[in-house]
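I opened the file today to note the overall build, the interface between the chains and one residue. The entries are in the order I looked things up.

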Amino acid sequence: MSLYDKTAHELHELLTTKKISAAELTADVFARVDEMENKVHAYLTLTRAEAEATAKRVDEKISRGEKIFPLEGIPCAIKDNICTKGIRTTCASKILENFIPPYDATAYQKLLAQNAVIVGKANLDEFAMGSSTENSGFHTTHNPHDLERVPGGSSGGSSAAVAGGEAIYALGSDTGGSIRQPASFCGVVGFKPTYGRVSRYGLVAFASSLDQIGPLTRDVTDCALVLNAICGHDEMDSTSTAAPVPDFTKSLVADVKGLKIGLPKEYFVKGIDPEIEAAVHAVAKKFEELGAQIVEISLPHTEYAIATYYLIAPAEAATNLERYDGVSYGARVDGADVVEMMTNTRTEKFGAEVKRRIMIGNYALSAGYYDAYYLKALKVRTLIQKDFTDAFEKLDLILTPTTPNVAFKIGEMVSDPLQMYLQDICTVPVNLAGLPGISVPCGVTKNNLPLAFQLIGKALDEEILLRAAFTYESLR
Amino acid sequence: MKISEQDIKTVASLSRLRIREDEAQDVLFQLNKILTYVENLQALDTTNVEPTTYALPMQNVFRADKVKPSLDRELALSNAPLKEDGYFKVPRVLEV
């Protein structure tokens, strides 16, 4: 019996009924890793010894007749920008190639508290800047559905690991779509919680007002289980919300009767893949058949979202990445004096996309340009957020494509950064507004590539997204 | 052209980055393309629009002023490229 392609909730059932052991499960997933990894390259670091030790602990607990947590003994992948004490955390950057965090990220700590089995650290675009993992300082991850294609990014190692059977679920991070887009490219569920729902403590900062950790899973039930584990206030992150965390599994109800779902015309952009457009309209029709009301809406500032995002995110990144100066941690390349040492270190160890964003950010923040670029973007951010606030006065959720294209070929877009940025049109507005969003698989193209739709909810209303996604998944 | 070769040299220097001669043209081309694209924001009238830095309303967060254990010094230094006697070591900053 293969175990690596099951969901966490199925495996939990098999563990608690003693049909399988955690050790068997871990061995099965690592056997799959051995089989797939030389083709998919989802991981930067594998943590087999730690995984086996945890599995042993879980089996002892089960044999003593103790109750186990929903994610206990379940193998998962952690995106390599999430700090894991004692385990190398690189952000897929040469500058952190040998960085061993002295502490755990809170979200990871919460999984450890459930005795989650960590398979390894998943690949990403360097510092989470990218949409394909091609910006990784180490290697490109390949999409398990078609090895010539990208898995999406930046959480492409996480999505490929889950899709390829190399982990049951994964943690990713989403600054402008970095969970939802790779989830859609790999045919898995990806959830970006409301800004502040999950602590960012120990998540290596890219754009602090946009970054959020979230799950990539095989189904909506697993998504709720991981959210239950990782959400909640954390005194180590002053931007984490004190709002009470519901039991998200209570939202796994197959019923959308009476829900008002908006379909924003601006998200069906010129050049969108017709198969995606048709798939999302079919999903709308399905929701309508199930008793929801579909309303055509307009979010008029959508066309400004990419420009807004690609000023705000690089400005925050330029500031956050100042810390890589060759002094307190990370790589150092020597120089005659301090400035030369810092310049040598950053020039040699950062990749091209990271440097590009640092320069855009510092340009947008510099004297004489601050008002025209950065401040202007912050004001447009207000307008984008207001579009959503106005729309949600009459709606429960919004249905859109996750991406305008399915997984593209490796190398197809690397030479044109702007073209790559434009891929983020359906996902970045959600981060700018701080809202929760989920990407849900909805079939495949005629070439067998995964299709997906996105649902966007009101701030802190993750529950309605889970309910609608669960309904679609169970009744489609 | 939004940005000149000289502007790029300045912003690179502010960013503690060096642009190699053989990549200067490509960097100039890509940054100009991106900065031209983001110009579309100028078409919007944002008079009387307040800037948003954080999407959710947030206030100052305070905690009790209590002494708690902090990161162990050796651990804090454990990733330092160069250290000596419990300090980070850097190239000479001041001329003697």
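The notes below start with chain A as a whole.

Entry 1, chain A. I am working from a predicted model. I counted 15 helices and 11 strands in chain A. I then looked up the radius of gyration of chain A, which is 21 Å; the globule rule gives 23 Å for 476 residues, so chain A is as compact as a globular protein of that length. The C-alpha trace of chain A spans about 65 × 55 × 45 Å along its principal axes. I noted that 62% of the 476 residues in chain A are buried. Of the contacts in chain A between residues at least 6 apart in sequence, 76% join residues at least 24 apart.

Entry 2, the interface. I found 55 residues of chain A in contact with 42 residues of chain B. On the chain B side, α1 (5-14), α2 (21-38) and α3 (73-76) each supply at least two residues. The largest share comes from α2(B), with 6 residues. By type, I sorted the chain B side into 28 nonpolar, 8 polar and 6 charged residues.

I placed A:L171 in strand β4 of chain A, residues 169-173. Is A:L171 buried or exposed? A:L171 has 30 other C-beta atoms within 10 Å, and 20 or more make a residue buried, so I logged A:L171 as buried. Leaving aside neighbours within four places in sequence, I listed the contacts of A:L171 as A:I78, A:K79, A:I82, A:A107, A:S158, A:I213 and A:P215. I also checked A:D80, which is 91 residues from A:L171 in sequence and 9.4 Å from A:L171 in space, C-alpha to C-alpha.

Terms used
Residues are numbered from 1 along each chain as its sequence is written. Chains are lettered from A and ligands numbered from 1 in the order in which they are written. This is a predicted model: local features need pLDDT of at least 70, side-chain atom pairs count only at pLDDT 80 or more; totals for chains, interfaces and linings use all residues. Helices (H or I, at least four residues) and strands (E, at least two) are DSSP runs, numbered from the N terminus. The radius of gyration is taken over C-alpha atoms; the globule rule is 2.2 Å times the number of residues to the power 0.38. A residue is buried if 20 or more other C-beta atoms lie within 10 Å of its own, exposed if 12 or fewer, and partly exposed in between; C-beta atoms are placed from the backbone. Two residues are in contact if their C-beta atoms, placed from the backbone, lie within 7 Å. Ala, Val, Leu, Ile, Met, Phe, Trp, Tyr, Cys and Pro count as nonpolar, Asp, Glu, Lys and Arg as charged, and the others, Gly among them, as polar.
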